[in-house]
Amino acid sequence: MNQFEPLDSETAVSREGNWIVIPEQMFKAGDFIEACHRRLDISDETHDWLNGEVVCEILEPGSPQWVKGKLRIRLSLEFCPD
């Protein structure tokens, strides 16, 4: 059964192959996330998306009404052992 779990920001990762976001073969999960944020060129508007400050409404399939709330984008590394 493949079950991915988020990595703690202090978890060390050793990778194979070439990743565009971070050139090192060994890095902390948190360093990878920070590199992704830099690549996104965080503006005030993007910062709002990452911190859950985007006010919105959603309408789920089968729901009779809109629900007000906030949106956010979460970047994470997840691991699934073999």
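Okay, let's start with Glu24, which counts as partly exposed, at 40% relative accessibility. Glu24 sits in the loop between β2 and β3. Before I go on, keep in mind that this is a predicted model. If you go from Glu24 to Gly69, you cover 45 residues in sequence, and C-alpha to C-alpha the two are 39 Å apart in space.

Now, on to the charged residues. How many salt bridges does a search of the whole structure find? The search turns up 1. The partners are Lys28 and Glu10, and their closest N and O atoms are 2.9 Å apart. What I like here is where the two come from. Lys28 belongs to strand β3, residues 26-28, while Glu10 is in the loop between β1 (5-6) and β2 (12-14), so the pair links distant parts of the chain, 18 residues apart. Are these two buried or exposed? Lys28 comes out as partly exposed, because its relative accessible area is 36%. Glu10 is at 51% relative accessibility, so Glu10 counts as exposed.

Let's go inside. The largest nonpolar core has 8 residues in all: Val13, Ile22, Phe27, Ala29, Phe32, Ile33, Cys36 and Leu77. Which element gives the largest share of that core? That's helix α1, residues 29-39, with 4 residues.

Val13 is another core residue. Setting aside residues up to four places away in sequence, Val13 touches Leu7, Gln25, Met26, Phe27 and Ala29.

Back to α1 for a minute. Its buried residues are Ala29, Gly30, Phe32, Ile33, Ala35 and Cys36. As a reminder, an α-helix has 3.6 residues a turn, so residues three or four places apart point the same way. And what do the buried residues of α1 pack against? They pack against β2 and β3.

The helix has an exposed member as well. Arg39 is in α1, and Arg39 is exposed because its relative accessible area is 55%. Leaving out neighbours within four places in sequence, Arg39 is in contact with Ile20 and Val21. From Arg39 to Ile22 you have 17 residues along the chain, and their C-alpha atoms are separated by 10 Å. Then, just after α1, Asp41 takes a positive phi of about 55°.

Last stop, the surface. Leu40, Trp49, Leu71, Ile73 and Leu75 form a nonpolar patch there, and together they have about 390 Å² of accessible area. Take Leu75 as one of them. Where is Leu75 found? You'll see Leu75 in the loop between β5 (67-71) and β6 (78-79). Leu75 is at 33% relative accessibility, so Leu75 counts as partly exposed.

Note on methods
Residues are numbered from 1 along each chain as its sequence is written. This is a predicted model: local features need pLDDT of at least 70, side-chain atom pairs count only at pLDDT 80 or more; totals for chains, interfaces and linings use all residues. Side-chain values use heavy atoms; hydrogens and water are left out. A salt bridge is a side-chain nitrogen of Lys or Arg within 4 Å of a carboxyl oxygen of Asp or Glu. Helices (H or I, at least four residues) and strands (E, at least two) are DSSP runs, numbered from the N terminus. Buried means under 20% relative accessible area, exposed over 50%, partly exposed in between (1.4 Å probe, protein chains only). A nonpolar core is a set of buried Ala, Val, Leu, Ile, Met, Phe, Trp, Tyr and Cys residues joined through side-chain atoms within 4.5 Å. Contact means heavy atoms within 4.5 Å. Patches are made of residues with over 30% relative accessible area and no salt bridge: like charges are joined within 9 Å, nonpolar side chains (Val, Leu, Ile, Met, Phe, Trp, Tyr) within 5 Å. Accessible areas come from the Shrake-Rupley method with a 1.4 Å probe; for residues, only the protein chains shown count as cover.
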